[in-house]
Amino acid sequence: NSLSWPIMLFGSIAAGLLPTLANSLYTAREVAFQWNDSGAKVMLVHPLMLNVALEAFKTLGFSDTEARQRIILADYGYVKRDGPLGKFAHLDDLLHA
C-alpha cells in the first residue's frame, strides 16, 4: 500500500464509483475472477502491477487494445509517456481533465 491508495479509494467513492479492492499479491487468475465477480468496468493499476493486469485481461479474452481501454495507470506523473506506458490512460490525466 501507499499513501496514494486512500486517495484513490475515497476519491472513487466521492465520485460515485463502487471500488473493489485487490491485493498486490493477487495472481492474474485471481484478478480475472474479481473482475468478473464485481462487474468492474475499469481497473486502476500501479505501473508495477501492469503485467498482472494485462495477463488477467488476456485470461478473460480481451485483446491488448481492449485491455488498454480499461486500464488507468495510477502513476501520479512519474512514468515517462513516450514509452510503452504512454499507450494507457493515466490517473493524473483524469485529475486534470
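## Basis of the model

Residues are numbered from 1 along each chain as its sequence is written. In this predicted model, local features need pLDDT of at least 70 and side-chain atom pairs count only at pLDDT 80 or more, while totals for chains, interfaces and linings use all residues; side-chain values use heavy atoms, with hydrogens and water left out.

## The nonpolar core

The largest nonpolar core has 15 residues. Such a core is a set of buried Ala, Val, Leu, Ile, Met, Phe, Trp, Tyr and Cys residues joined through side-chain atoms within 4.5 Å, where buried means under 20% relative accessible area, exposed over 50% and partly exposed in between (1.4 Å probe, protein chains only). Those with the most contacts inside the core are Met43, Val45, Leu50, Phe57, Ile71 and Leu73. At least two core residues come from each of α2, β1, α3 and β2 (71-73); helices (H or I, at least four residues) and strands (E, at least two) are DSSP runs, numbered from the N terminus.

Met43 lies in strand β1 (residues 43-45) and is buried, with a relative accessible area of 13%. Leaving out residues up to four places away in sequence, Met43 touches Val31, Trp35, Ala53, Phe57, Arg70, Ile71 and Ile72, a contact being heavy atoms within 4.5 Å. Leu73, with neighbours within four places in sequence set aside, is in contact with Val45, Pro47, Leu50, Leu85, Phe88, Ala89, His90 and Leu91.

## Helix α2

Helix α2 (residues 28-38) has the buried residues Ala28, Val31, Ala32, Gln34 and Trp35. Seen down the axis of α2, these fall within an arc of 160°, so they line one face of the helix; the arc is that of the directions from the helix axis to the C-beta atoms.

The buried residues of α2 pack against β1, α3 and α4. The face turned away from this buried side carries the exposed residues Arg29, Phe33, Asn36 and Asp37. Gly39, whose phi is positive, near 75°, follows α2.

## The cavity

The structure holds one cavity of 30 Å³ or more. A cavity is a set of points, on a 1 Å grid over the protein atoms alone, where a 1.4 Å probe fits but cannot get out; lining residues have an atom within 4 Å of a point.

Leu54, Phe57, Lys58, Phe62, Ser63, Asp64 and Ala67 line the largest cavity. Elements giving two or more residues to this lining are α3 (50-59) and α4 (64-70), and α3 gives the most, with three residues.

Key. 1 Å grid on protein atoms, 1.4 Å probe; cavity = no way out; pocket = protein on both sides within 12 Å on 5 of 7 lines; lining within 4 Å. Points joined across faces, edges and corners; volume = space filled by probe spheres on them.
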